[in-house]
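Here's a quick tour for anyone meeting this structure for the first time. Have a look at it, then read on.

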Amino acid sequence: MELEQAMRDRRSIRGFTDRPVSREMMEEILAVANLAPSSMNTQPWHFHVLTGAVLEAVRRGNTERMLAGVPPSREIPAHGKYEGVHRDRQVEIAKQLFAAMGIAREDAERRQDWVMRGFRQFDAPVSVVVTYDKALDDHGPVAIFDAGAAVYGLVLAAWERGLGAVINGQGIMQSPVVRESARIPEDQVILTCVALGWPDEGFAANGVKSLRRELSENTSFQGFDEDGMGWRLSEAAE
Ligand SMILES: Cc1cc2nc3c(=O)[nH]c(=O)nc-3n(C[C@H](O)[C@H](O)[C@H](O)COP(=O)(O)O)c2cc1C
């Protein structure tokens, strides 16, 4: 039940206090993330835990290049502009966040400020840059699936300890900066990063609970009997 409660309560945290995060706690959290299942137990993920001057260099480089108009440079294929229901959901969460922060639609300055915060990974004290083994790029997208499972474990283990996190692509838009500052080895692909810290209770966006579809909209059940039971052998149901 504790696991389920953490999954139900968790939300992305985008405002942090000045309280530092210990290396010891990060080791505990990443040990949990490391338990994720993976294709054939390949465990393709790596964690680069950044703070202090290294994280500052990433923030600065990312922000300066974005402001200078350098096109985003990610190491995984870009998702481009979402359309249809996916765009609708993107707009929905943006509206929720802006409403919580009191940022009006026409307030270009504060909207821009929000984007800049994203480029700085919301000024979190720690960022975990998640990479995976480049050799697996020749084996389809499954390594990204595996690393995603590890990232969810990371976020939940952090939440259980009272730490807030936001998985974010914005903070590594300029991946060459991350690669250089964090000294990412050439045989790894930068996938995403997770900004972490102690949640600032006074930061309104931290209270936003994003919405989910009803299960009936994205789930189908096949082959269950009239009592709703799923049997190991179909004859046993007769
Ligand atoms: C792959 C990925 C990339 C994300 N990138 C960003 C980002 O760049 N900026 C941001 O504010 N949130 C980012 N998020 C957080 C999502 O917006 C958030 O998970 C989603 O709106 C659902 O909200 P919740 O995490 O509070 O449940 C990202 C999440 C994922 C999984």
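## The core

Which residues of the largest nonpolar core touch the most other members? They are Val129, Val130, Leu154, Ala158, Ala165, Val194 and Leu196, out of 41 residues in that core. Such a core is a set of buried Ala, Val, Leu, Ile, Met, Phe, Trp, Tyr and Cys residues joined through C-beta atoms within 7 Å. Buried means that 20 or more other C-beta atoms lie within 10 Å of a residue's own; 12 or fewer is exposed, in between is partly exposed, and C-beta atoms are placed from the backbone. The largest share of the core, 9 residues, comes from α6.

## About the model

This is a predicted model: local features need pLDDT of at least 70, side-chain atom pairs count only at pLDDT 80 or more, and totals for chains, interfaces and linings use all residues. Residues are numbered from 1 along each chain as its sequence is written.

## Around the ligand

The residues surrounding the ligand include Arg11, Ser12, Arg14 and Asn168. Strand β3 (residues 164-168) gives the most to this shell, with 3 residues. Helices (H or I, at least four residues) and strands (E, at least two) are DSSP runs, numbered from the N terminus.

## Two loop residues

Gln43 isn't a glycine, yet has a positive phi of about 45°. Gln43 sits in the loop between α2 and β1, and counts as partly exposed because it has 17 C-beta neighbours inside 10 Å.

Asp123, also not a glycine, has a positive phi of about 55°. Look for Asp123 in the loop between α5 (108-119) and β2.

Technical notes: Near = placed C-beta within 6 Å.
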